Amino acid sequence: MSATVTTTKSTSAPDKGNGPASRMSLGKVLLIVAGALIALSVLRTLADAAQQADFDRVTSAGQIGAALSMAVPIGLAGLGGLWSERAGVVNIGLEGMMILGTFFGAWAGYQSNPWVGVLAGVLGGAVGGLIHAVATVTFGVDHIISGVAMNILALGATTYLAKRWFEPLSAIGGSPKNSPQVDPIQSFTVPGLSDWLADLENHHWFLVSDIAGILGGLVTDISALTVVSILLVVGSFFALWRTSFGLRLRSCGENPTAAESLGVNVYLYKYAAVVISGGLAGLGGVFLSLVRSHIYNEGQTGGRGYIGLAAMLFGNWRPGGLAMGAGLFGYSDALQLRNGGATVHALLLLVALGLAALAAWRIVRKSYVAGAVFGAAAVALLLWYALTDTVPNDLVSATPYIVTLLVMGLASQRLRMPKANNRPYRKGQGT
């Protein structure tokens, strides 16, 4: 009897934090999304009755399109971090690899055409990933130190090269801090469907118009690089979870010694993962310089490599959750850029209701301290919303970073990183 009990405990323990019970099912995710949509529709309807237009913008096609544009570079950086960390290598250097992507993408795009710029930016990020792999995998440098050094190196190298390559082009818009204008990458709108959804949105019907606005933002003026990025997220899931290559790569992040004992070339897989990671981060940088602005600017990444890491953590090292996290951060970023304090102020009410629901759920689960904290935060936000008409500009500009901190604070309880993440490995340990 005791042997049976012991076996049961030992086999169930590893599943904690990463088993089926710890991951939300598709049904639960759809219920949460449906609940959020209904809440938005109710609040927008009440705002319409009170002649407040702020909530109309929250689900408008323009807002969703802008959020998608903001989310893509964050998602690509996070996807790069996922590839690297699934192989056991922490990649804090994603920011630097994005910087390399912005610079070389704009440089090659100006010299030739935008798609050559895409390739050059990906290669620039991949070279950054290769440098990080050499330092961490071959020479055993601490992953965090190597990543920080990568960020500093990339910033210094691009600053120097911009002075050498772009300053002589001042007659056509170049300078030590930016490149000349680059031709845009093609974008498209689904004919017929986009106009039909816009017409539905303009009727301001309950729920229907909100869904139409969200779908309209996904089919109107979409860059071809956005479609490529979405396919990369889906392809990464199948590559990492549905192929033998992905199984071997993930085994290097869980137990490289056991993987080596089964004939896996751990060094090769770690190198491949980190180089792919750099290439994906470089593609995120290309998106910033060739899609968002059609120009390279110094400081263009604005910390999005770090926010990409936060999106990866929010998604618990899985592509689906990563995409949701990137969408959330991109949405908050778009709010503060498009509409400013009025729309962010309107969103305070929705956040307050969400915190109130979370407080009630915590109390039902007998977590009284957490419930009291969430309840107090909900009351504070409701008072803020009721007593003010807008949000100060200083807080508006910090919206994506505040959202990042809040989400990570709420999501930190369920995280489970690959077991061998950031652990040193030397060839021959498995023999």
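1. A quick word on terms before the rest: contact here means heavy atoms within 4.5 Å. Bear in mind, too, that this is a predicted model.

2. Let's start with alanine 162. With neighbours up to four places away in sequence set aside, alanine 162 is in contact with Phe103, Glu167, Ser175, Pro176 and Tyr296. The residue belongs to helix H7, which covers residues 143–165. Is alanine 162 buried or exposed? Its relative accessibility is 0%, so it counts as buried, the cut-off for that being under 20%. Have a look at serine 179 as well: it is 17 residues from alanine 162 along the chain, and their C-alpha atoms are 7.6 Å apart.

3. On to the nonpolar cores. The largest has 40 residues, and the members touching the most others are Leu249 and Phe329. For leucine 249, leaving out residues up to four places away in sequence, the list of touched residues is Trp83, Arg86, Ala87, Leu240, Tyr269 and Ala273. Another core lies apart from this one; it has 22 residues, including Leu40, Met70, Leu347 and Leu355.

4. In one of them arginine 86 pairs with glutamate 254, with 4.0 Å between the closest N and O atoms. That pair links distant parts of the chain, 168 residues apart: arginine 86 sits in helix H4 (residues 61–86) and glutamate 254 in helix H11 (residues 244–254). Arginine 86 has a relative accessible area of 6%, so it is buried, whereas glutamate 254, at 23%, is partly exposed. Arg416 joins Arg86 and Glu254 in a network of salt bridges.

5. Next, the loops. Glutamate 298 forms a salt bridge with lysine 177, the closest N and O atoms lying 3.4 Å apart. Here the partners are 121 residues apart: glutamate 298 is in the loop between helix H13 (266–292) and helix H14 (304–314), and lysine 177 is in the loop between H7 and strand E1 (187–188). Glutamate 298 is partly exposed, with 33% relative accessibility.

6. Last, a salt bridge between helices. Aspartate 333 pairs with arginine 304, their closest N and O atoms being 3.3 Å apart. Because aspartate 333 lies in helix H15 (residues 319–338) and arginine 304 in helix H14, the pair ties together parts that are 29 residues apart in sequence. Why do these two residues count as buried? Aspartate 333 has a relative accessibility of 7% and arginine 304 a relative accessible area of 10%, and buried means under 20%.

Notes: Residues are numbered from 1 along each chain as its sequence is written. This is a predicted model: local features need pLDDT of at least 70, side-chain atom pairs count only at pLDDT 80 or more; totals for chains, interfaces and linings use all residues. Side-chain values use heavy atoms; hydrogens and water are left out. A nonpolar core is a set of buried Ala, Val, Leu, Ile, Met, Phe, Trp, Tyr and Cys residues joined through side-chain atoms within 4.5 Å. Buried means under 20% relative accessible area, exposed over 50%, partly exposed in between (1.4 Å probe, protein chains only). Helices (H or I, at least four residues) and strands (E, at least two) are DSSP runs, numbered from the N terminus. A salt bridge is a side-chain nitrogen of Lys or Arg within 4 Å of a carboxyl oxygen of Asp or Glu.
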